[in-house]
Amino acid sequence: MPLYAVATNTQVSVVAFALIRAGVAKFSGVSAAPGAMPGVEAITESRAFRELGAWEPLLEHWRAALATLGAEFRAGDARVMPKGPQACRQCDLHALCRVNELQPEQPEEGYE
Ligand code: SF4
């Protein structure tokens with residue numbers, strides 16, 4: 001979603017996605033101002049982005065992060081680097097992900 005937000009020439013004031021699963025249908029995201037969409041927090045209310053303080057610094061943060069990511073891909077660096085263990089605990093993509101390849105192999109019991 002941040003890529004779409006910074007790649008467009010249109011003024012963006014909300015970045016959100018719809019979460020739909022059995023028994024749940026809601027929006028999740030962040031907006032420039034309060035009340036933009038149901039379930040979407042304004043940046044001033046968001047724990048995740050509050051330290052950036054305002055909308056334009058958030059967009060600038062995403063531009064810089066995506067530029068770094070693009071440069072890493074161009075250089076052939078495609079390491080799996082989740083933000084932290086919490087991100088993986090909430091993720092549904094384990095079957096497709098290489099993150100467990102990063103774990104050192106554990107010796108089998110009985111072998112040294
Ligand atoms: S399981 Fe893989 S895709 Fe999911 S957050 Fe962790 S590293 Fe990212």
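What percentage of the 112 residues of the chain count as buried? Here are my notes, with that point taken up under the second heading number.

1. A word on the source before anything else: this is a predicted model. The chain has three helices and three strands, and reading along the sequence gives the pattern α-β-β-β-α-α. The radius of gyration is 18 Å, well over the 13 Å that the globule rule gives for 112 residues, so the chain is more spread out than a compact globule.

2. To answer the opening question, 6% of the 112 residues count as buried. For the overall dimensions, the C-alpha atoms fill a box of roughly 60 × 40 × 25 Å along the principal axes.

3. Taking contacts between residues at least 6 apart in sequence, 15% join residues at least 24 apart.

4. Now to the strands. Strand 1, residues 14–21, pairs with strand 2, residues 24–31, in the antiparallel sense, and eight bridges link them.

5. Two residues lie between strand 1 and strand 2, which form a hairpin. Gly23, in that turn, has a positive phi of about 85°.

6. Finally, strand 2 has another partner to check. Strand 3, residues 41–42, runs parallel to strand 2 and is joined to it by two bridges. Val30 has Glu41 in strand 3 as its bridge partner.

Terms used:
Residues are numbered from 1 along each chain as its sequence is written. This is a predicted model: local features need pLDDT of at least 70, side-chain atom pairs count only at pLDDT 80 or more; totals for chains, interfaces and linings use all residues. Helices (H or I, at least four residues) and strands (E, at least two) are DSSP runs, numbered from the N terminus. The radius of gyration is taken over C-alpha atoms; the globule rule is 2.2 Å times the number of residues to the power 0.38. A residue is buried if 20 or more other C-beta atoms lie within 10 Å of its own, exposed if 12 or fewer, and partly exposed in between; C-beta atoms are placed from the backbone. Two residues are in contact if their C-beta atoms, placed from the backbone, lie within 7 Å. Two strands pair if DSSP finds at least two bridges between them.
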